[in-house]
Amino acid sequence: MVHTQGYVRIGNKHINLLMSQYRMIEERGHSRETMAERRQLFADMRAQDLDRIRLSTYRTACKLRFVQKKCSLHLVDIWNVIEAFRENGLNNMDLSTQFTVARLEAILSTIFYQLNKRLPTTHQINVEQSISLLLNFLLAAYDPEGHGKISVFVVKMALATICGGKMMDKLRYIFSQISDSSGIMVYAKFDQFLKEVLKLPTAVFEGPSFGYTEQAARSCFAQQKTVSLNTFLDTLMSDPPPQCLVWLPLMHRLANVENVFHPVECSYCHSESMMGFRYRCQQCHNYQLCQDCFWRGHASGSHSNQHQMKEYTSWKSPAKKLTNALSKSLSCASSGEPLHPMFPDQPEKPLNLAHVVDTWPPRPVNSMNDSMFSHSVPTSGSPFTSKRCLGGSPPTPLPGGDRGQADEHALIKLYVSQLIEDRRSVCR
């Protein structure tokens, strides 16, 4: 009996040891598989020969755009990302909370499975591949030492930055995460945002050009003590943007011009058409380069890489250019538009309509008979208090109860009947 118990006890220890070794082998195998997938992503990126792009800004934007498309994240906008955060409970979690890689994988699964539901059956993505590629890229950027933990703030900032969609929408969401309850940016949180978001260029080997520095946050808003949403958007969407984030708007411009066609011959490679960006020398007459030749520093004839080049994102025919020039020269008003809609610093208060029955309602401006009544409108004073502003007497107050709380539909009915009566009196 004693020997049997001892045998069982030894057997349990032996089984536990075997299970532990099995888990280690499994984890090691999973780690090898993860590293293989990670190496495959960067190998595919190297195959694009993006390191030959001579300007670091374009090089960084192209690499991150490649990762975005390779992971199918260009098909996902910030609203899809926010919905995935909500479904996984991140909206109720403190930004400093850390969770496991399994939780991150669940978030990415939500994003891509929901994406496939929105896509037509002929354009379905490989969900498992997209999850694996993006998961490995994020771990390479934010958990290179393999601790298996990542914070809520990191996940929100990384996915909000690298997903597709409009840049302004993404920046508005980012601002909501780094501002206080009064709508003013917290510099410490913006500094933390920069620290995390600049790990994305570092992950594609562009750290020397766009790595984090302690002066980065203050250099972005050197003149502003308090930064509101409008100031934040103006600064990050300006031309040029802050140096440390100059690759971010360029990545969005790359997405917008990928399929733009220019019926122009490249002066270096002599391709008869261009796709994407087009560059025109400001010194050499009619010297134009396609984006590949410009990015790689190609030059011919008297043209030099030191010459100033102008970037074009679209093609306009000479006739259209002449039409635009004439319309601008004949226009008295400025056609310039703000970079983004201006948002109120404080929420707008709801209108107080309690006084509407006590005042005389104005006639709709777009009425077909406005010309008949225009002479009756007073030139001074408020038309809401004048008894003769539309040629009739003010409406009788509604019976019963407080007039400020009068039923809205009855008010509209009374208003319409008064207009009909006014029209009849004028016609007489």
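**Helix packing and strand pairing**

Biologist: Which residues of α4 meet α5?

Modeller: In this predicted model, local features need pLDDT of at least 70 and side-chain atom pairs count only at pLDDT 80 or more, while totals for chains, interfaces and linings use all residues. Residues are numbered from 1 along each chain as its sequence is written, and side-chain values use heavy atoms, with hydrogens and water left out. Taking contact as heavy atoms within 4.5 Å, the α5 side comprises Val 127, Glu 128, Ser 130, Ile 131, Leu 134, Leu 135, Leu 138 and Leu 139, and these meet, in α4, Val 101, Leu 104, Glu 105, Leu 108, Ser 109, Phe 112, Tyr 113 and Asn 116.

Biologist: How are the axes of α4 and α5 oriented to each other?

Modeller: Helix α4 (residues 101-118) and helix α5 (residues 127-142), both DSSP runs (H or I, at least four residues), have axes that come within 9 Å and cross at roughly 140°. Axes are lines fitted to C-alpha atoms over the stretch in contact, with angles from 0 to 180 degrees between N-to-C directions. Angles under 35 degrees count as roughly parallel, over 145 as roughly antiparallel, 65 to 115 as roughly perpendicular and the rest as oblique, and the two helices are therefore oblique.

Biologist: Which residue is the bridge partner of Arg 278 in β6?

Modeller: Strands (E, at least two residues) are likewise DSSP runs, and two of them pair if DSSP finds at least two bridges between them. Strand β5 (residues 278-281) runs antiparallel to strand β6 (residues 288-290), joined by 3 bridges. Within that pairing, the partner of Arg 278 is Cys 290.

Biologist: Which residue stands opposite Cys 281 in β7?

Modeller: Strand β5 is also joined to strand β7 (residues 309-312), by 4 bridges, and these two run antiparallel. Opposite Cys 281 stands Met 309.
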